[in-house]
There are 2 protein chains.
Amino acid sequence: MERLPDPRLDATRTQALDAALTLLQEEGALAVTHAAISARTGISRSTLYRHWPKLDALRNAAFGRAATGPKDEPRTDGPLKIDLTWMIGRLVMALNETPWGKIAPQVIAAAATDKQSRDLMNRWIADRKGDVESVFTAAHARGELSEGAPVEQLVEMAIAIPYFRKLVAGLPLTPEWLDAHVSMICSMATKTTSK
Amino acid sequence: MERLPDPRLDATRTQALDAALTLLQEEGALAVTHAAISARTGISRSTLYRHWPKLDALRNAAFGRAATGPKDEPRTDGPLKIDLTWMIGRLVMALNETPWGKIAPQVIAAAATDKQSRDLMNRWIADRKGDVESVFTAAHARGELSEGAPVEQLVEMAIAIPYFRKLVAGLPLTPEWLDAHVSMICSMATKTTSK
DNA sequence: TGCGTTACGATACAATATGTACCACACACA
DNA sequence: TGTGTGTGGTACATATTGTATCGTAACGCA
């Protein structure tokens, strides 16, 4: 007979990963250790080793936890500028206000040597690209785009620039900046109705 | 009286940092330790600790070494597309073929907690931005730019996208991609002579 | 060439991080 | 109420990171 899963398993895992996430944000990936989590949660070191026998596994679990979040349903009602502002605004919010914004650089660095981190990063990017692309697709269906609009390049640009500003250059992503960013993209995508 | 500097000082420092750079590329920042460099160079562990008493100092020195390189003199003879292709081509080459391409992600991650890494990264970006900007300035002087061309945004875009593709998304920077990238920027910057 | 200085190499040692092994206890389910 | 399973505590093994000390070798200078 199958036994029901012991609720303690999930409870300790959740507690531990919560603490790991905090450590990740506050002190970086190197601070995520069995000992540190034990000190912070009261969970014994042996229990933590039982759940994640290796340090890599523990850190990957923490990364994974940081990347999880509610999926954004893209708005595609139009017009393009409104949809894009909302969609890229969600990205900006994720970078500004969720753990992911602080942790992404460490995932990027880890991706150089660790496949799981690479997969995690790629999945995150693919999701965002998909969202932005669907906005363009809808705009195209409404006839809002100019003939040869380079949609693929525009999608990449829409995402790459906020990423670069925030993570690489350490520049803020303000509402004013967002407006200018979206405006530039729209001016490239739509029929040149500009003055 | 001042004594001349002992040549052994420079010799060991150079040897050690060469090995550190190799380790950095091949096995990541975590592999850069006094012990590893000692094993690789034959320099004794105690000597390495004498030069860089802390591990952070050693890694920062390795980062610094990775970032050094000959300064690119921007070409500003025009036309814009030629100058931009050359200038961004230099950036692409640096990312593709120098240690910096492999190490930048680790510097970015370290920048979250370490001021020296932050400074290093900012200096690198500022240099590149300055180069690209001077290309636009020259083009403006020649009257190649359209009235309200958003030069600042274009400069950022020129740099952010290759960075994102290579470091974050792990995508290749091919000559074909470079051409498309530059073309897009030019079409935004120049008087809309496009059909 | 010889002398004082300085860098280097070797070793021993301390402190911490990273696991492993084992046992007693407490909690969950039947 | 028993039986299994997760947990906590401790002891222990090993590697990493850093310190301290000593003799030796290379260097600059006279």
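This is a predicted model: local features need pLDDT of at least 70, side-chain atom pairs count only at pLDDT 80 or more; totals for chains, interfaces and linings use all residues.
View 1. Residues are numbered from 1 along each chain as its sequence is written, while chains are lettered from A and ligands numbered from 1 in the order in which they are written. Helices are DSSP runs (H or I, at least four residues) numbered from the N terminus. H8(B) covers residues 151-168, and its 18 residues reach 25 Å from first C-alpha to last, close to the expected 26 Å. That expected span is 1.5 Å times one less than the number of residues. H8(B) is mostly covered, with 13 of its 18 residues buried. Here a residue is buried if 20 or more other C-beta atoms lie within 10 Å of its own, exposed if 12 or fewer, and partly exposed in between, with C-beta atoms placed from the backbone.

**View 2. Helix H5 of chain A and its packing partners are shown here.** The end C-alpha atoms of H5(A), residues 80-97, are 25 Å apart, which agrees with the 26 Å that 18 residues should span at 1.5 Å a residue. Its buried residues are A:Leu80, A:Asp83, A:Leu84, A:Thr85, A:Met87, A:Ile88, A:Leu91 and A:Val92. These buried residues pack against H7, H8 and H9 of chain A.

**View 3. Now for the largest nonpolar core, a set of 101 residues.** Such a core joins buried Ala, Val, Leu, Ile, Met, Phe, Trp, Tyr and Cys residues through C-beta atoms within 7 Å. The residues with the most contacts inside it are A:Ile108, A:Phe164, B:Ile108 and B:Phe164. Take B:Ile108 as a guide: leaving aside neighbours within four places in sequence, B:Ile108 is in contact with A:Pro105, A:Ile108, A:Ala109, A:Leu167, A:Val168 and B:Met121. Two residues are in contact if their C-beta atoms, placed from the backbone, lie within 7 Å.

**View 4. Chain A meets chain B through 26 residues of chain A and 25 residues of chain B.** On the chain A side, helices H6 (99-111), H7 (115-141), H8 (151-168) and H9 (175-189) each supply at least two residues. H8(A) gives the most, with nine residues. By class, this side of chain A divides into 17 nonpolar, six polar and three charged residues. The nonpolar class is Ala, Val, Leu, Ile, Met, Phe, Trp, Tyr, Cys and Pro, the charged class is Asp, Glu, Lys and Arg, and the others, Gly among them, are polar. Look also for A:Ala112, in the loop between H6 and H7 of chain A. A:Ala112 counts as partly exposed because it has 19 C-beta neighbours inside 10 Å. Beyond its neighbours within four places in sequence, A:Ala112 is in contact with B:Gly28 and B:Pro105.

**View 5. Chain A is assigned two stretches, domain 1 (7-66) and domain 2 (69-189).** The bounds come from an automatic or database domain assignment. The C-alpha centres of the two domains of chain A lie 30 Å apart. Nine residues of domain 1 are in contact with nine residues of domain 2. On the domain 1 side, H1 and H4 (55-67) of chain A each give two or more residues, and H4(A) provides the largest share, four residues. That side has five nonpolar, four polar and no charged residues.

**View 6. DNA strand D is surrounded by 23 residues.** A residue is near a strand if its C-beta atom, placed from the backbone, lies within 6 Å of it. The closest are A:Thr12, A:Ser44, A:Ser46, A:Thr47 and B:Leu55. Helices H1 (7-27) and H3 (45-51) of both chain A and chain B each supply at least two residues, and H3(A) gives the largest share, four residues. The surface has nine nonpolar, six polar and eight charged residues.

**View 7. A:His51 sits in helix H3 of chain A.** With 16 other C-beta atoms within 10 Å, A:His51 is partly exposed. A:His51 and A:Thr12 are 39 residues apart in sequence and 9.0 Å apart in space, C-alpha to C-alpha. Setting aside neighbours within four places in sequence, A:His51 is in contact with A:Thr12, A:Arg13 and A:Ala16.
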